[in-house]
Amino acid sequence: MAGVHPVPARSRSGERHGRRTPVGSGPGCPRLGRPDRGNSTTAGPSFPGNDYGPARYTNTALSHPGEINLGGGAVQDIAGAAAPRIGQPARHLGRSSGLRRGTVTGLNATVNHGGGDIVYGLLRTDVCAEAGDTGGSAFSGTTALGLISGGSGNRTPGGTTFRQPIAEVLTAYGPTLYRRPGRRAFPTVVLLRAPREGPCVEACLAPGPLTSILTAHIQTEVLSQATPRPAEEDPMFGRRRPRTRWTATSSVLAMLAGALTLTVPAGAAAADRPAATPAAAVTEHLLEHGRTAIGAAVARDTPRVDITRSVDGWAFGTAVLATEPGSDRMPRGWLFLAEREHGTWRVAFEGEEGFAELSKRSPVVKDREKPLFAQRDGKRKDTLGRGAPGADGDVTVYGTGDYRTGMALPTTIGANTVMTSGPHGWSGSAAPWSSLDFAGGDEVVRAARQGTAYTMCRGWIRVVHDRGYATDYYHLWSNINTNGGWVNTGAFLGYTGTDVTCGGAAYGRHVHFGLLQNGSYIPIAGHNLGKWVLYNGSAAYQGSAMHGSRQVYAGGTLYNHGALGLTQAVVDANGGTYVNKRSGPGTGYAAQGTVADGATVGIACSAYGTSHTGRYGTTNLWNRLTDGTWISDAYVWTGVSGPVNGWC
């Protein structure tokens with residue numbers, strides 16, 4: 001039969017730009033999208049979702065050796081194709097970088113081109129690639145894995161390379177691989193990429209499906225040598241890297257317009273995993289998710305997947321990336337849901353859009369969990385800034401101006417505790433500063449708010465609350481063992497301790513307390529716990545807490561006043577001892593008593609009145625209290641900039 005050679009789905013048929021530069025050998029190279037020199041025709045492009053289309057050989061005189069030319073007379077026989085595995089050795093042959101070695105580091109990666117053009121299911125390796133390598137073969141021994149799509153880095157520091165898996169296209173086109181005597185035929189194809197705009201790409205039909213298919217000898221319309229561009233944040237590894245433009249215009253990852261986002265974003269849909277068991281599928285997703293959330297350091301972590309519930313093709317549990325005990329990095333973990341459909345496991349972690357969707361219909365999710373999980377859909381709110389008092393710096397908070405948590409301190413209500421450390425990262429000084437440390441008092445650790453509780457590992461409890469929030473409690477001794485059990489505010493979770501079963505370090509007994517929303521740690525500053533508002537310091541572990549006008553710095557003692565209700569406020573006299581209450585929304589109304597600094601008041605409704613300036617700025621909003629009197633919003637902390645209980 002005629003050979004099948006997939007080509008870019010997005011090539012611009014009939015256009016030519018710049019200078020043609022031959023890359024490979026072979027008797028002829030077809031212009032994409034039209035027949036060329038009688039060697040091929042093209043049809044059936046598939047994009048977005050996929051990014052390929054077939055080119056069929058029409059010249060029967062072409063030879064078809066089933067091997068890869070490695071150069072210097074060396075060849076690599078290819079006996080078949082297979083789906084790649086994480087950790088699998090991989091080699092590629094690139095026009096610029098030559099023959100390089102590495103391993104498979106990720107599966108099912110997503111590339112977002114913008115404008116709704118998203119390509120799924122890409123393979124990721126740590127084999128370095130350079131400009132001009134696009135289309136080169138990726139293989140492991142005699143097994144074909146995929147074709148280079150693009151990436152970053154060079155042969156000196158290495159890098160990340162994304163590839164189109166060969167196996168994905170087999171089902172679509174089913175071509176057969178040339179076989180040597182004694183070899184069985186095996187279907188395989190190649191994928192070539194096209195630029196989003198501008199230059200054309202030509203595919204050179206070198207002899208044979210495997211030489212042309214797997215080495216992907218291509219011709220490109222050369223743009224220029226790779227040129228540096230301003231540095232940008234690497235969304236996968238959390239560090240600065242230079243932006244470069246690839247000369248290989250067929251690269252999916254070519255940053256021609258600077259609009260490419262190489263991430264599996266927060267809020268992504270669930271990932272389909274072809275693994276045979278849910279544990280294997282979740283582990284695969286965990287490693288990929290970890291690389292996105294943590295970066296390259298995840299390679300040193302140990303995945304721990306605990307399936308706590310399963311029935312009829314469904315699984316639920318915890319997925320943890322454990323670090324070394326004594327490490328300066330804390331473990332990371334997520335709740336997960338997995339569903340088996342048509343032989344494939346669909347996996348979603350809390351904070352991903354698929355998690356909320358799966359939870360609605362999963363038989364392993366409890367009735368009390370469903371409304372809480374539905375709010376953990378990965379739909380992030382806007383990020384706003386709000387000034388903090390004195391030298392404590394700026395407070396960064398998540399949410400559309402709503403910083404209410406309804407939480408107490410994670411200690412015994414009505415008792416003192418020591419805030420041994422102010423806002424800092426879950427893993428040390430790294431942002432976001434989501435965490436606090438507490439010790440002292442009766443050393444009992446309690447739930448900050450009601451919700452469903454989960455044992456992530458020994459010494460680590462997570463409680464999922466309403467409004468998308470969750471709280472973490474780590475280093476516990478004698479912690480409860482729970483799988484979605486309901487806990488009320490103040491429920492016993494364990495004792496302060498030094499447990500590092502899942503990694504990290506603890507110097508002296510305490511509870512490491514973290515605040516999450518939509519599955520991710522968020523800045524704790526600006527939020528209220530136990531009627532104390534938290535503020536950042538000039539460095540991690542510093543900062544303070546304020547109750548009314550009283551400010552306590554890290555290392556000081558906090559009294560746990562209990563949770564502030566969502567329609568309540570703490571009076572803040574901005575250094576004074578009391579605030580006047582009025583009979584109406586303004587100073588023109590008669591005074592009707594006072595309320596002390598730090599007191600808790602209930603708000604019935606709000607209205608506009610005279611303007612006043614307090615700790616957080618100037619406002620003309622007034623709040624009608626539940627006793628019928630009025631107080632200016634300038635002198636209370638509610639957690640929002642507007643009404644907390646509607647308008648009067």
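## Close-up views of a predicted model

A search of the whole structure finds 12 aromatic pairs. Rings of Phe, Tyr and Trp (its six-membered ring) pair if their centres lie within 6.5 Å; planes under 30 degrees apart count as stacked, over 60 as edge-to-face and the rest as tilted. This is a predicted model, in which local features need pLDDT of at least 70 and side-chain atom pairs count only at pLDDT 80 or more, while totals for chains, interfaces and linings use all residues. Residues are numbered from 1 along each chain as its sequence is written, and side-chain values use heavy atoms, with hydrogens and water left out.

**View 1. Phe 373 and Tyr 454 form a ring pair.** The ring centres of Phe 373 and Tyr 454 are 6.4 Å apart and the planes meet at 35°, so the pair is tilted. Phe 373 lies in helix α5 (residues 370-374) and Tyr 454 in strand β28 (residues 451-457), so the pair ties together parts 81 residues apart in sequence. Helices (H or I, at least four residues) and strands (E, at least two) are DSSP runs, numbered from the N terminus. Phe 373 is buried, at a relative accessible area of 0%. Tyr 454 is buried too, at 2%. Buried means under 20% relative accessible area, exposed over 50%, and partly exposed in between (1.4 Å probe, protein chains only). Ring pairs link Phe 316, Phe 355, Phe 373 and Tyr 454 into a cluster.

**View 2. Arg 368 lies over the face of Trp 486.** The distance to the ring centre is 4.2 Å. A charge sits over a ring if NZ of Lys or CZ of Arg is within 6 Å of the ring centre and within 35 degrees of the ring normal.

**View 3. Helix α3 (residues 278-293) is mostly covered.** Of its 16 residues, 12 are buried. Among them are Pro 278, Glu 284, His 285, Leu 286 and Arg 291. Just after α3, Gly 295 takes a positive phi of about 110°.

**View 4. Thr 323 sits in the loop between β20 (314-322) and β21 (332-341).** Thr 323 is buried, with a relative accessible area of 6%. A polar atom of the Thr 323 side chain lies 3.1 Å from the backbone nitrogen of Gly 504. Leaving out residues up to four places away in sequence, Thr 323 touches several residues, including Asp 301, Arg 329, Cys 502 and Gly 503. Contact means heavy atoms within 4.5 Å.

**View 5. A cis peptide bond joins Ala 431 and Pro 432.** Omega is about 0°. Pro 432 is found in the loop between β25 (416-424) and β26 (435-439).

**View 6. Asn 518 has a positive phi.** The value is near 55°, in a residue other than glycine. Asn 518 lies in the loop between β33 (511-517) and β34 (520-521). At 5% relative accessibility, Asn 518 counts as buried.

**View 7. Asn 574 has a positive phi of about 55°.** Asn 574 is in the loop between β40 (568-571) and β41 (578-582). At 37% relative accessibility, Asn 574 counts as partly exposed.

**View 8. β43 (residues 600-614) pairs with β40 and with β44 (residues 617-625).** Two strands pair if DSSP finds at least two bridges between them. β40 and β43 run antiparallel, joined by 3 bridges. Gln 568 has Gly 602 of β43 as its bridge partner. β43 and β44 are antiparallel over 8 bridges, and they form a hairpin with 2 residues between them. Cys 605 stands opposite Arg 624 in β44.

Definitions and conventions
A polar contact is a pair of N or O atoms within 3.5 Å; within protein, one must be able to donate a hydrogen and the other to accept it, and residues adjacent in sequence count only if both atoms are side-chain atoms.
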